[in-house]
Amino acid sequence: QVQLVESGGGLVQAGGSLRLSCAASGMIFSISAMAWYRQAPGKQRELVAAITSGGSTNYADSVKGRFTISRDNAKNTVYLQMNGLRPEDTAVYYCNALRFPGYWGQGTQVTVSS
């Protein structure tokens, strides 16, 4: 069974940084494209960043130049380095394996104060 466990969220001031981690199990991680999504209160879940099995990346326009997605196949983990955080980045962040769109972790809360 696919399991995704996100961690690393917290409360940070605007301009600060956080690094999120997502540990995956129950799948062949190295061949799985992975993504980070976020959902703010009252809003739909949105794609933040994605990374293919080969390491190609894609970002939402709102985070380009500030966020970096990466992966460590030896640790079955995908990361999201978030720099220059803004209050509008406040949301619950989730990771997802794109081959298994129905599986989600519990998410990790990121709160950015102004």
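1. In this predicted model, Leu-18 has Met-82 of β8 as its bridge partner. The strands concerned are β3, residues 18-25, and β8, residues 77-82, which pair in the antiparallel sense over 6 bridges.

2. That pairing belongs to an open sheet of 4 strands, ordered β1-β3-β8-β7, with antiparallel pairing. At the edges are β1 (3-7) and β7 (67-72), each of which pairs on one side only. From one strand to the next the twist averages 15°. As background, strands of a sheet pair through backbone hydrogen bonds, either parallel or antiparallel.

3. In soluble globular proteins, nonpolar side chains tend to be buried together.

4. What does Tyr-93 touch, not counting residues up to four places away in sequence? The list includes Trp-36, Leu-80 and Met-82. Also among them are Glu-6, Arg-38 and Thr-108, as well as Leu-20, Phe-67 and Val-110.

5. Is Gln-1 buried or exposed? Gln-1 lies in the segment before β1. The relative accessible area of Gln-1 is 75%, so this residue counts as exposed, the cut-off being over 50%. Between the C-alpha atoms of Gln-1 and Ala-97 the separation is 12 Å, although the two residues are 96 residues apart along the chain.

Methods
Residues numbered from 1 in each chain as written. Predicted model: local features only at pLDDT ≥ 70, side-chain atom pairs only at ≥ 80, totals over all residues. Heavy atoms only, no water. Pairing = 2+ DSSP bridges. Helix = DSSP H or I, 4+ residues; strand = E, 2+ residues; numbered from the N terminus. Axes fitted to C-alpha atoms, helices over the stretch in contact; angles between N-to-C directions. Contact = heavy atoms within 4.5 Å. Buried < 20%, exposed > 50% of the residue type's maximum accessible area, 1.4 Å probe, protein only.
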